[in-house]
Amino acid sequence: MTQSPFTPGVAAGRLGSADYADNFSDLHPALDAHEALVAADRCYFCHDAPCITACPTDIDIPLFIRQIATGTPDAAAKTILTQNIMGGMCARVCPTETLCEEACVREMAEGKPVLIGQLQRYATDHLQAQNVHPFSRAEPTGKTVAVVGAGPAGLSCAHRLAMLGHAVTVYDARAKPGGLNEYGIAAYKTPEGFAQAEVDWLLGIGGISIEYENMLGRDVTLVGLSAEFDAVFLGMGLGGVNGLAVDGADKDGVLDAVDFIADLRQAGDVATLPVGRDVVVIGGGMTAVDAAVQAKLLGALNVTLAYRRGRDRMNASVFEQDLAASKGVRIMTHVVPTAIHGNGAVHEIEFEYVNNDMSGTGQTVRLAADQVLRAIGQTLDGEGLPALEHGKIAVTGAGRTTVDGVWAGGDCAAGGDDLTVTAVAEGRDAAMDIHESLTGAAG
Amino acid sequence: MADLSSDFVGIKSPNPFWLASAPPTDKEYNVRRAFEAGWGGVVWKTLGEAGPPVVNVNGPRYGAIYGADRRLLGLNNIELITDRDLYTNLEEIKRVKADYPDRAMIVSIMVPCEEEAWKAILPLVEDTGADGIELNFGCPHGMSERGMGAAVGQVPEYIEMVTRWCKQYYSKPVIVKLTPNITDIRKPAAAAKAGGADAVSLINTINSITSVNLDSMSPEPSIDGRGSHGGYCGPAVKPIAMSMVSEIARGADTAGIPISGIGGITTWRDAAEYITLGCGNVQVCTAAMTYGFKIVQEMISGLSEWMDEKGHSSIEDFRGAAVPNVTDWQYLNLNYVAKAKINQDLCISCGRCYAACEDTSHQAISMSAERVFEVIDGECVACNLCVNVCPVADCITMEAMAPGMVDPRTGKVVEPDYANWTTHPNNPSVTAAE
């Protein structure tokens, strides 16, 4: 090992191979069969359970947990996947601490919820490990639907449409499917190629073809798709990122956090990834935390997450904040960047301390930085889209846009949290609405 | 400090906790370990006739049912009486008793239902210096097919006859162990009493099949693809055993006969409950087989703490204290009216009380949009199901209505006086008597 965490500047190979393997292993190791039974036994099988209400995809959680407890994890998986075809990924990446597990009555009673996320993973892993697809297609309807984006929203929509008998063509700008599941989520949340394995398994329904490296606005147009297909679903996410409007933002070493994460996810060997000795991440959401934690895990000596407001206003959940802190990330609040200093490459970043109302205090601070990662929000790219609302595609009902025959869901659509699980729900619900619209059949 | 010492039909032990006749008491090694751990006495695993001993299966002998986290709730066994030579057992009993004179040493016996067989073995047992014998009339499998064990225990006349022989050929106390696999436990108990038994002990194990293997279609435990019913024991059988104990404690023909309580005793509290139902001591097996001999330390400390707290200086102070309160349904006070009450501070809004009441009972709990659950007094019959299904202790309680209040369900005033079914106007027997 020629490099170490102390190596100045941006360098790869700061750690030993054992450290890399350890750092990027599963954040929550899978429950074994006995652990799953013990965890399942804690479920009270609540009446009209609050956890179901809290789940954006309305998974019947008490039922699937009882199915695990009674030794039928595949039946549990079907209960999950009927509502949420990406139940395996959601089990890994959902902020359960603010969704089902926050609503769990045992969280209220003891501060220790039933391990719903891990139980969901146990069930879905059990089924998917057998490489069987539990659903079958209805008779072909003769209808065709174009889905833009092979991320959670698009694939959820495509699966449901295919199951209902429609022929689906998915267009994605990237070379691989999965969207943020493949390119945008911390590696330790979905190790061992799970994102691709899940897509392969999902496509087992049949009736879905994917056109890769086909970007809306570059290779295909909404007008063209509308003419060619009976319906169109837009689920391409947010392709743009907010820039950093400060002096020096163009210096070397200033990157978008989403690119940093995508490079890491696509890297064959994380030891080859360069990372700064002193890394500063700007932002307060999940992407900021994912980038900061992974910078630390790659061997950065000092990682600071700099956020303009207080911790209570961060979009990243308390669990994510605590995870970052436990990995050695320093969380700095009430700071806005004012300048990036350096001779060609970034050397320092300067902040001003601000009050809760964002008014400046006049006090400044400089941090050593040889890498600055921007994670201050993403934006919708593209032209010729349906009408927008607050920069995203305006929708009513189950994702209907202002253009007839065009639906939208996931991060590119207005409303809803920008979560994987929300995208899955929106894709599914739009598919049901498209189906009804194309066939006149409800459900 | 409470005195836990026990004098059961003249047999003294430092505490009322005996190990029941079973695998834990099959040989010297185990029994010495038990006494070192603090057990007050043991009932040595059942001895059979001299000669070639019985044989056990060479496959699994036990089956189980589990609660959460594989906590063993019920155990079933198909093991027979001791499969070791009679004289080896007798020598070991003699040695251990000599080394532990303060502990109770009881010898369980099962020989054919013939006077000569009993006449032959009893002097041998007498010679060991053991404190008494227990007649195994309960073993429900294997031995019963050979006319012993439960086959005797199910025929009161046999019980009386064999007990009489034992009293004739043995000088020390005779305890008759009863099988629960009968219709009325009072009949065999009365027979034992009539035969001169010094005490009865109960229950032996219950005929059971713990599970069926859905792949092999064999009952468990499975011996080469087939299973036989076994004897069920452990925490799951305690309610059945306590009911039988109470029947004997208050039966006209059986009241007063000393009882050694057996059946699912796992903690000091279980033991205390048995003693309040009239038992002079208790016998334990499954709990020791599950956790080892050390559990007796908790039983001793727990019973002692509770007795101190309640001001009981000896076991006799509270023995049988609950017996007068065990009655027949017809004598229960029908003028007693209670209503369920939900403590909103403790409620965690799981809604189990609501589901139970709404689906399976009296629609007496309301649920608001905010998941607040409240009892509808006008519908509540105080059945207690909500209390039983609530996961939070003391969150739902049954509150008695004071006399003079109006029960909103019936519109009637709660009467202060006791009145039961025997005098109730709806009872056709009452009408017939008039």
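Start with strand S6 of chain B, residues 72–77, and strand S14 of chain B, residues 230–233: they run antiparallel and three bridges join them. (Helices, H or I with at least four residues, and strands, E with at least two, are DSSP runs numbered from the N terminus; two strands pair if DSSP finds at least two bridges between them.) Zoom in on Asn77(B) and you'll find Gly231(B) of S14(B) opposite.

Before going on, some housekeeping: this is a predicted model, where local features need pLDDT of at least 70 and side-chain atom pairs count only at pLDDT 80 or more, while totals for chains, interfaces and linings use all residues. Residues are numbered from 1 along each chain as its sequence is written, and chains are lettered from A and ligands numbered from 1 in the order in which they are written.

Now widen the selection to the whole sheet in chain B. Four strands make an open, antiparallel sheet in the order S5-S6-S14-S11. Strands S5 (62–66) and S11 (206–208) of chain B are at the edges with a single partner strand each, so one side of each has no neighbour in the sheet. Neighbouring strands here are turned by 35 degrees against each other on average, direction ignored (axes are lines fitted to C-alpha atoms, for helices over the stretch in contact, and angles run from 0 to 180 degrees between N-to-C directions).

Next stop in chain B: strand S9, residues 174–177. Is this strand covered on one face or both faces? Both: Val174(B) and Val176(B) on one side, and Ile175(B) and Lys177(B) on the other, are all buried. (Buried takes 20 or more other C-beta atoms within 10 Å of a residue's own, exposed 12 or fewer, and partly exposed is in between, with C-beta atoms placed from the backbone.)

- Strand S8 of chain B (residues 132–136) runs parallel to S9(B), joined by four bridges; Asn136(B) is opposite Lys177(B).
- Strand S10 of chain B (residues 199–202) also runs parallel to S9(B), with three bridges; Ile175(B) is opposite Ala199(B).

From S9(B), trace the chain through helix H6 of chain B (residues 186–194) to S10(B): this β-α-β crossover is right-handed, as the path from the first strand over the helix to the second runs clockwise with the strands pointing away from the viewer.

Over to chain A, with its 17 helices and 19 strands. Buried residues make up 49% of its 443 residues. Select helix H12 of chain A, residues 194–202, where Phe194(A), Ala195(A), Glu198(A), Val199(A), Trp201(A) and Leu202(A) are buried. Looking down the axis of H12(A), these residues fall within an arc of 160 degrees, so they line one face of the helix (the arc is that of the directions from the helix axis to the C-beta atoms). Show what covers them, including helices H6 (87–93), H9 (116–128), H10 (152–163) and H11 (180–183) of chain A.

Then pick Leu373(A), in strand S15 of chain A (residues 371–374). Leu373(A) counts as buried because it has 30 C-beta neighbours inside 10 Å. Leaving out residues up to four places away in sequence, Leu373(A) touches Leu255(A), Ala257(A), Phe260(A), Val279(A), Val281(A) and Ala291(A). (Contact means C-beta atoms, placed from the backbone, within 7 Å.)

Last, show both chains: the contact takes 10 residues from chain A and 12 residues from chain B. On the chain A side, helices H2 (33–41) and H8 (105–110) each give two or more residues, and H8(A) has the largest share, three residues.

Terms used:
Contact = placed C-beta atoms within 7 Å.
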